[in-house]
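Hi there,

Here is the structure I promised to pass along. Have a look at it first, and then read on for what turned up.

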Amino acid sequence: MCIFSMGIGQVTGTQIFASAAWKSQILVYSMQIMTQHDVAMILPLPIPPGSPGEEVRFINLQDYPEFFQHLALAFWEPSHDGGNSILMSLQGRGPLPVHHVGLFEASFVPSLDEFRWLDPRFRLPSQVWDQLPQYADWGFAVFKLKPGARPQNIHPMALEFPRRDPHQLFFPTVHVHDGQIHTRAEFDHTLYAQVDRPPVRHRAEPVWSQSQSSLREYIDFARAAGIVTPDCPLYRRQIMGMQPNQDTILQLL
């Protein structure tokens, strides 16, 4: 669940993977969605201010739809049961670059001001952004999603972006599903983090559990496009039910 440009019918089964790659972060996102309209999913990215678009890399995982199922297998225990471009040209300005990433069209929007170059269907009203001041100098990844009368399983959407804080991994979990900001929201999230040491846990925060098995047993590295490190530990955290409507930050040592 994340930020959508207009109201949607249903979002469930959100799964997010994050890992650090020197000065950048890998982010992979998947969910099940039902919408009757052309809609864009907007992922805020904590990039260093002024980062050029060339530093954001979209990764095509269309041929690996089972990516998150394979990550989950590393935590399996025997006791358990097993169309049109979103961007428009305006006079005096060319469109932001569009990337065809599997079944999606994706674009990097370097700042809130640059949203004016998007088709109005894929923008949020300015009053919504006014209620999200933490994103004032961030960048954004925008994915166009297709409408459908039935829930759609969205194949993993992946990208790499420069990190503002080298001691953090960022998970975009703020919800905007109906054009409004709510202080609490219904979560159905599974978060995965691949880091070389146990995550820092602050008081009262949920524990990140470590995988039971080596990823070499389950991950198809040929299709994973280099986003998973074979021998680095994998951690998981689940967030369910009504929770504070905020992003999730994993503090690294």
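The average pLDDT of the protein chain is 82, and 83% of the residues score at least 70. The stretch to be careful with is residues 79–94, where the pLDDT is below 50. Beyond near neighbours in sequence, that stretch has 33 contacts in the model. Where pLDDT is low, the predicted coordinates should not be read in detail.

**Strand β8 and the cores**

Two antiparallel partners are joined to β8. Strand β4 (residues 39–45) is linked to it by seven bridges, with Ile 42 partnered by Val 142. Strand β7 (residues 104–109) is linked to it by five bridges, and there Ala 106 stands opposite Phe 143.

Phe 143 also matters to the next point. The largest nonpolar core has 38 residues, and Phe 143 is among those with the most contacts inside it, along with Met 41 and Leu 159. Leaving out residues up to four places away in sequence, Phe 143 touches residues including Val 39, Met 41, Phe 58, Phe 104, Ala 106, Met 157 and Leu 159. Another core, of 19 residues, lies apart from that one; Ile 26, Leu 61, Phe 67 and Leu 71 are among its members. In soluble globular proteins, nonpolar side chains tend to be buried together.

**Aromatic pairs**

A search of the whole structure gives 14 aromatic pairs. In one of them, the ring centres of Tyr 135 and Phe 140 are 6.4 Å apart and the planes are at 90 degrees, so the pair is edge-to-face. Tyr 135 is buried, at 0% relative accessibility, and Phe 140 is buried at 0% as well. Elsewhere, ring pairs link Phe 17, Tyr 64, Phe 67, Phe 68, Phe 75 and Tyr 192 into a cluster.

**Salt bridges**

Side chains of opposite charge can pair when their charged atoms come close. The count here is six salt bridges. Glu 160 pairs with Arg 57, with the closest N and O atoms 2.7 Å apart. Glu 160 is buried, with a relative accessible area of 17%, whereas Arg 57 is partly exposed at 40%. Asp 113 and Arg 116 form a salt bridge at 2.4 Å, N to O; Asp 113 is partly exposed at 48%, and Arg 116 is partly exposed at 36%.

Asp 231 and Arg 216 meet in a salt bridge at 2.8 Å. Both residues lie in the loop between β12 (209–210) and β13 (234–244), so the pair ties together parts that are 15 residues apart in sequence. Asp 231 is exposed, with a relative accessible area of 57%. Finally, Glu 66, Asp 220 and Arg 223 are linked in a network of salt bridges.

Best wishes

Technical notes. Residues numbered from 1 in each chain as written. Predicted model: local features only at pLDDT ≥ 70, side-chain atom pairs only at ≥ 80, totals over all residues. Heavy atoms only, no water. Phe/Tyr/Trp six-rings, centres within 6.5 Å; stacked < 30°, edge-to-face > 60°. Buried < 20%, exposed > 50% of the residue type's maximum accessible area, 1.4 Å probe, protein only. Core = buried A, V, L, I, M, F, W, Y, C linked by side-chain atoms within 4.5 Å. Contact = heavy atoms within 4.5 Å. Pairing = 2+ DSSP bridges. Helix = DSSP H or I, 4+ residues; strand = E, 2+ residues; numbered from the N terminus. pLDDT = per-residue confidence, 0-100. Salt bridge = Lys/Arg side-chain N within 4 Å of Asp/Glu carboxyl O.
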